[in-house]
Structure formats: structure tokens, C-alpha cells
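Reader: I'm new to this one and would like to be walked through it. Could you put it up and start wherever you like?

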Amino acid sequence: MIDFTECIEEFNNYKGSEKKKTLIYNDKKYLVKFPDPVREKNKNISYINNAFSEYVGSNIFKMIGFKTQNTILGKYQYKGKEKIVCACEDFTDKNQVLYEFENLALSSNPDKKIETEINDIMGVLEESKKMIDVIETREKFWEMFIVDSLIGNTDRHNGNWGFLLNKNTGKTSFSPIYDCGS
């Protein structure tokens, strides 16, 4: 198992609920997710196994042909304790920027709060047809939805999927699948 403890650390620019670091491993940037044994308020949800579910979920998507983040299971020493972590390779670069769906939703209908309801999502896609390929996005969304259902990923909210924008060409595409653990 790879030990990420001595990797170069950068300021973390990733969002989400679990503990994470931005580390450089083999000259590539990784979002490294730590186990988070905290239970969500008023819910019986624990993310203690999130490193494993992230790794397995991402690899299931990859095995059936989806573009997805590359993941590595590893360990990280913190205050004398070994933590099992999942390193998620950053698929963005200076030319490819990730825009999460929730950012697209924020720029849509100013009279409506956008939730994770199917009608809301499809409405945002339709309103964004000048920026994205709506037909391709709908198809990839439903494929992602089906696999999430099969692997038990209940955490595919509006911040856990999105689009890559090529800053040189201005073209957008459905991003690789990421955040597959729950």
C-alpha cells in the first residue's frame, strides 16, 4: 500500500464534508480523502469507510467504460495513527476547469431554488443549452444515476458531478465521474 505521509502538501482547494488533503504523488496532484467517523446530525450515516467505497465505486465506473477519476488506496500517518486513505487524481489542469452542476444551477432560474429533484436538474440542463450539449449530458447523467443506484452511492448531489470547460476552446464536456463513495 502506498504511503502518502511524506508527499508534498499544497493548500487544499477541494470542498466536501470529509477530511482531505491536496498532495503531490509521482508529479501528479491528488485529493486525498481521510476516513471520517462522524455521523451526520439526525441521520444514521457514517463515512468511516469512505476511502474504500470511493476506490471501489470509481473502479466499478471505470470497469464498465466510464471516464472517471483515477484512485489509489493508501495510508497516511497522522499523530502516530495510520489512516487508510483514497487518493483521487485531479483530472483538471491549467486548461481544463471543473464546473460542478450546482454552479450551473445557481446561474439558472433566479426565481427558483434548485434541488436534486429530477425536474429541477432537467430544467437547469434545458436552460443551459447555449453552454452544454443537453442531449449528451442527459444521457451521461442517467447512465451515472443507474450505476450510482447499483453501487449504493446515495451522495450524488449537485456538487458531485459536473462539466469540464476547456479554457482554450470554450468547449464543455461531461466531466469524468468523481466522488463515488458514500
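**A walk through the model**

Author: This is a predicted model, and I will begin with a turn: the hairpin of E10 and E11 has 5 residues between the strands, and Gly170 there takes a positive phi near 80°.

Reader: How do E10 and E11 pair, and over how many bridges?

Author: The two strands pair in the antiparallel sense, over 3 bridges.

Reader: What joins E9 to E10?

Author: There are 5 bridges between E9 and E10, which covers residues 162-166, and the two run antiparallel. Within that pairing, Tyr99 has Phe163 in E10 as its bridge partner.

Reader: How many residues of E10 are buried?

Author: In E10, 4 of the 5 residues are buried, so the strand is largely enclosed by the rest of the structure.

Reader: OK, stepping back for a moment, how many helices and strands does the chain have?

Author: The chain has 4 helices and 11 strands. Its C-alpha atoms fill a box of roughly 50 × 45 × 30 Å, taken along the principal axes, and 41% of the 182 residues count as buried.

Reader: What does the radius of gyration say about the chain?

Author: For 182 residues, a compact globule would have a radius of gyration near 16 Å, and the chain has 17 Å, which agrees with that expectation. As for contacts, if you take those between residues at least 6 apart in sequence, 52% join residues at least 24 apart.

Reader: Which way do E1 and E7 run, parallel or antiparallel?

Author: E1 and E7, the latter being residues 71-78, run parallel and are joined by 2 bridges. You can see this where Ile2 stands opposite Gly74 in E7.

Reader: Is Lys79 buried or exposed?

Author: Lys79 counts as exposed, at 72% relative accessibility. Its positive phi is found in a residue other than glycine.

Reader: Where else is there a positive phi in a residue that is not a glycine?

Author: Asp27 has a positive phi of about 65°, although it is not a glycine. Asp27 is placed in the loop between E3, residues 20-25, and E4. With a relative accessible area of 79%, Asp27 is exposed.

Reader: Now the helix you mentioned. How many residues does H1 have, and how far does it reach?

Author: H1 spans residues 50-63, which makes 14 residues, and reaches 20 Å from its first C-alpha to its last, close to the 20 Å expected at 1.5 Å a residue.

Reader: Which residues of H1 are buried?

Author: The buried residues of H1 are Asn50, Ala51, Glu54, Gly57, Ser58 and Phe61. Seen down the axis of H1, these buried residues fall within an arc of 140°, so they line one face of the helix.

Reader: Why would residues that are spaced out along a helix point the same way?

Author: An α-helix has 3.6 residues a turn, so residues three or four places apart point the same way.

Reader: And what comes just after H1?

Author: Just after H1 you will find Gly65, which takes a positive phi of about 105°.

Notes: Residues are numbered from 1 along each chain as its sequence is written. This is a predicted model: local features need pLDDT of at least 70, side-chain atom pairs count only at pLDDT 80 or more; totals for chains, interfaces and linings use all residues. Side-chain values use heavy atoms; hydrogens and water are left out. The expected span of a helix is 1.5 Å times one less than its number of residues. Buried means under 20% relative accessible area, exposed over 50%, partly exposed in between (1.4 Å probe, protein chains only). The arc is that of the directions from the helix axis to the C-beta atoms. Two strands pair if DSSP finds at least two bridges between them. The radius of gyration is taken over C-alpha atoms; the globule rule is 2.2 Å times the number of residues to the power 0.38. Contact means heavy atoms within 4.5 Å.
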